[in-house]
Structure formats: C-alpha cells, structure tokens
Protein chains: 2
Amino acid sequence: MTQNIYDDDGFFAGYSRLPRSVEGLDGAPEWPVLRAMLPDLRGRRVVDLGCGFGWFCRWALQQGAAYVLGLDVSEKMLARARADGGGAAIGYRRADMERLELPEAPFDLAYSSLALHYLEHLDRAMAAVHRALVPGGRFVFSVEHPIFTAPAAPGWVAGEGGRKTWPVDRYLDEGPRSTNWLAEGVIKHHRTVATYLNLLIKSGFTILRIEEWGPTPEQIAAQPAWADEVERPPFLLVAATR
Amino acid sequence: MTQNIYDDDGFFAGYSRLPRSVEGLDGAPEWPVLRAMLPDLRGRRVVDLGCGFGWFCRWALQQGAAYVLGLDVSEKMLARARADGGGAAIGYRRADMERLELPEAPFDLAYSSLALHYLEHLDRAMAAVHRALVPGGRFVFSVEHPIFTAPAAPGWVAGEGGRKTWPVDRYLDEGPRSTNWLAEGVIKHHRTVATYLNLLIKSGFTILRIEEWGPTPEQIAAQPAWADEVERPPFLLVAATR
C-alpha cells in the first residue's frame, strides 16, 4: 500500500495550511495551465485520483459534470471532503491507488493532481485508468517534475552571478526518494519524463499535450517567492486520450 | 541560416576526431537505443536531416533501404560523405534545415541525429518533415537533452559525498545558448522536452516512444568516463509517426 502520509497528524496539519488547501484550485499556481488541458465537462463522468479535500470534484460539478467520483487513500482528507458536501452527484471512496480497481469504461475524464508520484506501481494504475475510460476519454494529470524529484539532495544552490541552480543527479536512477516535506521521511517515487510518457503509450493512450509548468511574470509579480521556479519546472502536466 | 559551425576549420578538425566520426554509428553510445526505435528499412525511402559524414545513410542502405537522401548544411561533411560512396541509391544535398523544402510524401522514414538543436525555427522543419512522410511514416531523432542544454554555466559541480551534480537553471527560458564545444561560440537552441513533443503533436505526429539516454553498466565498464552521464541524460531520443 502507498505510504499514507496524509493521515499523519503533523503532515495533515501542515498540508491543511497550504494555499492550495485553504484557497482550493485558485491557490495552486499550476491550475490555470492544468485547467486548459481539460475537456468540456458538461454531462461528463469524472474520476479524480487523489481527490484530497475534494476541491476539484466540486469544481467539476459546477462545470456541469454529470457525476464525479473522488478517490483518496487518506481518511482525514475524505472526511473533510464529505463534510464539504456536493450532493448525490459526487461520490467519495477510500482507495489504495497501487491496487486501483475501477469498472470498465464508465468515465469520460480521469484527473489526478500531484498524486501519482506517490505510487510505486504506476503501470498498474495507468492500465486501470485506461480500462475505466470510454474510447476518446481523457486522462489529465500533474506530478512533481522528474527534474524536481531526481536529486539526492534537492534544494537550491547558489550559482554564478547570484542565480540559483538546481543540482540534478540520479535522474536516470528511478525509485523511491525520501524527503522532508511537511513531515520527515515522505516517500515519493522518482521516474523520468520518458517513463511517464512511455507508460501512457504502452497502456494504450495517445499523448495530446505536455506542460512543464513554471510561473508567469504576473504570478511572480504577485508571489515573488515563485521566481526561482523558472530555473527548473516543479510540475509536469500531461493530457492523453484513450 | 543556421550557424554552419561544421565548416569552421578548427571545429571540423575536432569533430573529425570524435569516436562517432572515426568509428561511425558504433562510436555513438546512444546508437543501440536509437536503432531500436527505427522501423524495418527494407524497401523504404529514407531522409537523414544532418547526415554529416553519411554513416547512417550507408548503414540504412545496408539494411535494405531503397533510397536514402542525406541533407546537411556543411560542405566539408558532404564532401567526405560523397567521397565515401554508396552508389546511386544515396543522394547527398546541401540544405539549410531552417528552410527545409522536401517533396510531399516520398519518404517512409525521416531520421536526424543530434542536429535539430541547432535550428532556431524547429516548427517549420517539423512541418516540412510531416509533409514529406507517407501516412504511417516515421520520424526518429535525437537531440541534446534539454537538461543538458538549459544551464547558463553547463558543467559538472561537485555535490555532497563526491557525487557530481548538473546545475540546472534557465530550463524554462528557451532560446540560443552559446557554448564552447570544439570551437568558441557554438550556438545551440535550448528547448524544453514539452516544446519538442508539443511541436511534434501540433505538426500532426503521434508520439510512439521517447528515451532519455544514459549509459548501460556495460558501457560504463568499457568507457568509465561515461559514468557521470547517468546523473542527467545527455540525449533525448524520440520516435513519432505520421
């Protein structure tokens, strides 16, 4: 089973204070780019892998989705998602995405935000998502970018001329990385860009678009702390179709 | 026009001494992976964008290709390619790939090894390649990896524990990079992985496979100098189909 760090009290408390937890989708700087990769949701059936507090599920319903299923491994996050309501057209279910089981072809869109890098067996999850989509259905997801997850010692280093550099090593050495983010010993699984894309293709998907997200000048003006992120992308965003 | 650094006397002399110039395809460590991305060449018509000394053109003919067209901007390289023969089934032509003009749909395979990162206007070249391929035709190419081309100051940095790190910055800042490789002021155009792939998709290609090349343990045993390359891939290899 995937490490369920989100149910760790300290992690959960820290995560709950992040802008994306307090403000929802608009607190996530990559959201405008991810949103642009989504199809029209009117009348569509949607599954959200790693739904967290349910922000995306509620938004999808507002966009006219017919039904939204939110899956997450964290009881605490699901409890808050359920408490925030949404009605009969949203279902929340606890699921270990390492052993994802979904019915065949009931969904038009599978969505996942910053969750898949926790999985050890991504091939199984991608195969399950492919089976769960109708032909022409779409899979849109974000993960931490492989340049971000690769290093043995992730963290900015002062480069020449005051510019910060990101010290890439171990890029081709795929596997778990233990980081101290909100809690100690958070396990994420580093994969290369090639592996993410080749797993999709092998599962039967056609790649529609990829984005390596960085902040816009307007976002940097509003949040100067994001300026460094243009040096190396923190997020990889992918849209594919069955 | 693309900077024609290959006709610079000093650059040409240095390039001519590289293993891949002396030994041909087998002197290029990424060749086994690139070769595996190629279709069966028997009876096929092939165009090589940036053919250099013609090693690939001659190899394609040995594999049974019906016809091979080698294009390059360098007079010196074409002169040597022509001197190495190949018969009537190989044609060599001088071409500026920034203004690539190819007839419509006469080719089954377009191939390019470590040449496209010299182009400022890659979108035009990709559109020309797409038009020149038959439906189902394949485009297989390698470029210097965006992680490799991004930094303002490319070069290994000693990291913790003696491990070398590659100081990534400017990754999202696409454009020319001036490097001193075999000659001073060699201009290459940095693009992100996303840009390479999205340009292909926008041109009408379907992506079949991507590889971020690094040496195998056997290659490192034979060439210990390549060991560092596992820390960050030097080459990006892509196969796509029209």
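These are my notebook entries on a predicted model with chains A and B.

**Entry: the contact between the chains**

I looked up how many residues each chain gives to the contact, and found 36 from chain A and 36 from chain B. On the side of chain A that touches chain B, the elements giving two or more residues are strand E7 (164-168), helix H8 (193-203) and strand E10 (206-213) of chain A. E10(A) supplies the largest share of that side, 7 residues. I then noted the composition of this side of chain A: 19 nonpolar, 6 polar and 11 charged residues.

I next examined how strands pair between the chains. E7(A) pairs with strand E7 (residues 164-168) of chain B in the antiparallel sense, over 3 bridges. Within this pair I located Trp166(A) opposite Val168(B).

**Entry: the nonpolar cores**

I looked up the largest nonpolar core and found that it has 120 residues. Among the residues with the most contacts inside it are Val46(A), Ala110(A), Val46(B) and Ala110(B). Another core, of 14 residues, lies apart from the largest one, and I noted Phe148(A), Leu172(A) and Trp166(B) among its members.

**Entry: the sheet of chain B**

I traced an open sheet of 7 strands in chain B, in the order E3-E2-E1-E4-E5-E11-E10, with mixed pairing. Strand E3 (90-94) and strand E10 (206-213) of chain B each have a single partner strand, so one side of each is left without a neighbour in the sheet. Neighbouring strands are turned by 15 degrees against each other on average, direction ignored.

Inside the sheet, I checked strand E4 (residues 107-113) and strand E5 (residues 133-144) of chain B, which run parallel and are joined by 6 bridges. Ser112(B) stands opposite Phe141(B) in E5(B).

I then turned to the helices on the sheet. Helix H5 (residues 75-83) of chain B touches strand E2 (67-72) and E3 of chain B, and its direction makes about 165 degrees with that of E3(B). Helix H8 (residues 193-203) of chain B lies across E5, E10 and strand E11 (235-241) of chain B, at about 15 degrees to E11(B).

**Entry: Arg42(B)**

Is Arg42(B) buried or exposed? I found 9 other C-beta atoms within 10 Å, and Arg42(B) is therefore exposed. I placed this residue in the loop between helix H3 (31-36) and strand E1 (45-49) of chain B. Leaving aside neighbours within four places in sequence, Arg42(B) is in contact with Gln63(B) and Gly64(B). The C-alpha atoms of Arg42(B) and Leu61(B), 19 residues apart along the chain, are separated by 8.6 Å.

How values were computed:
Residues numbered from 1 in each chain as written. Chains lettered and ligands numbered in written order. Predicted model: local features only at pLDDT ≥ 70, side-chain atom pairs only at ≥ 80, totals over all residues. Contact = placed C-beta atoms within 7 Å. Helix = DSSP H or I, 4+ residues; strand = E, 2+ residues; numbered from the N terminus. Nonpolar A, V, L, I, M, F, W, Y, C, P; charged D, E, K, R; others polar. Pairing = 2+ DSSP bridges. Core = buried A, V, L, I, M, F, W, Y, C linked by C-beta atoms within 7 Å. Buried ≥ 20, exposed ≤ 12 C-beta atoms within 10 Å, placed from the backbone. Axes fitted to C-alpha atoms, helices over the stretch in contact; angles between N-to-C directions.
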